[in-house]
Amino acid sequence: MLLLAVAMNNFNHNGKPNRWAPYDTGAAALSICIQATALGLAAHQMGGFDADLARQSFGLPEDCTPMAMIAVGYPADARYCPRIFRPASAANAAGRLWSSASIADTGAKPSINPYS
């Protein structure tokens, strides 16, 4: 499934500017990703899309800002992914980074690169 996260720049009930629109849209997008993960799905947010084309395709009014596309679906079986995309090394790196989250208090910098 492909979702489009849209910020409503003005309130619907009174037409006044909604200065919290980008913040609220980001929080909603994060909630979608967390819920997808809880359901055993994968979610991936993307900012690299044509916002004008999305606005036109969905018939969005001018006071809306397309913020992100979110792909949601079942994770691919790692056996069918190229080695570079297999989750084992990425999961291990992410786990090490997550478990070392307390380094923020010490000022130390992590030496783990999750992309290596």
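These are my notebook entries on a predicted model of one protein chain.

**Entry 1: ground rules**

I number residues from 1 along each chain as its sequence is written. The model is predicted, so I take local features only at pLDDT of at least 70 and side-chain atom pairs only at pLDDT 80 or more, while totals for chains, interfaces and linings use all residues, and side-chain values use heavy atoms, with hydrogens and water left out.

**Entry 2: the chain as a whole**

I looked up the helices and strands, which are DSSP runs numbered from the N terminus (helices are H or I with at least four residues, strands are E with at least two). The chain has four helices and three strands. Along the sequence I read the pattern β-α-β-α-β-α-α.

I then looked up burial. Buried means under 20% relative accessible area, exposed means over 50%, and partly exposed is in between, with a 1.4 Å probe and protein chains only. Of the 116 residues in the chain, 19% are buried.

Next came contacts, meaning heavy atoms within 4.5 Å. I took the contacts between residues at least 6 apart in sequence, and 57% of them join residues at least 24 apart.

**Entry 3: how the strands pair**

Two strands pair if DSSP finds at least two bridges between them. Strand 1 and strand 3 run antiparallel and are joined by seven bridges. In this pairing I checked Val6, which stands opposite Pro66 in strand 3. Strand 2 also pairs with strand 3 in the antiparallel sense, over five bridges. Met46 stands opposite Met69 in strand 3.

**Entry 4: Met69**

I stayed with Met69, which is found in strand 3. Is Met69 buried or exposed? It counts as buried, because its relative accessibility is 13%. Leaving aside neighbours within four places in sequence, I found Met69 in contact with Leu2, Leu3, Leu4, His44, Gln45, Met46 and Phe49. Leu2 is 67 residues from Met69 in sequence, but their C-alpha atoms are 6.7 Å apart in space.

**Entry 5: Ala42**

Ala42 has its place in strand 2. Its relative accessible area is 33%, so Ala42 is partly exposed. Not counting residues up to four places away in sequence, Ala42 touches Ala71, Val72, Gly73 and Pro75. I looked up the spacing of one of these: Ala42 and Pro75 are 33 residues apart in sequence and 5.5 Å apart in space, C-alpha to C-alpha.

**Entry 6: helix 1**

Helix 1 covers residues 21–38, which makes 18 residues. From its first C-alpha to its last it reaches 26 Å, close to the 26 Å expected at 1.5 Å a residue; the expected span is 1.5 Å times one less than the number of residues.

Which residues of helix 1 are buried? They are Ala21, Thr25, Ala29, Cys33 and Ala36. Seen down the helix axis, these buried residues fall within an arc of 105°, so they line one face of helix 1. The arc is that of the directions from the helix axis to the C-beta atoms. An α-helix has 3.6 residues a turn, so residues three or four places apart point the same way.

I looked at what covers the buried residues of helix 1, and the list includes strand 1 (2–8), strand 2 (42–46) and strand 3 (64–73). On the other side of helix 1, Tyr23, Ile34, Thr37 and Ala38 are exposed. Gly40 follows helix 1, and its phi is positive, near 80°.

Asn18 lies in the loop between strand 1 and helix 1. It counts as buried because its relative accessibility is 12%. A polar atom of the Asn18 side chain lies 3.1 Å from the backbone nitrogen of Trp20. A polar contact is a pair of N or O atoms within 3.5 Å; within protein, one must be able to donate a hydrogen and the other to accept it, and residues adjacent in sequence count only if both atoms are side-chain atoms. Beyond neighbours within four places in sequence, Asn18 is in contact with Met8, Asn9, Asn10, Phe11 and Asp24.

How many aromatic pairs does the structure hold? I found one aromatic pair. Phe11 and Trp20 form it, tilted, at 6.4 Å centre to centre and 50° between the planes. Rings of Phe, Tyr and Trp (its six-membered ring) pair if their centres lie within 6.5 Å; planes under 30 degrees apart count as stacked, over 60 as edge-to-face and the rest as tilted. Phe11 counts as partly exposed at 27% relative accessibility, and Trp20 counts as partly exposed at 42%.

**Entry 7: helix 2**

Asp50 caps the N-terminal end of helix 2 (residues 51–58), with a side-chain oxygen 3.1 Å from the backbone nitrogen of Asp52. Gly59 follows helix 2, and its phi is positive, near 65°.
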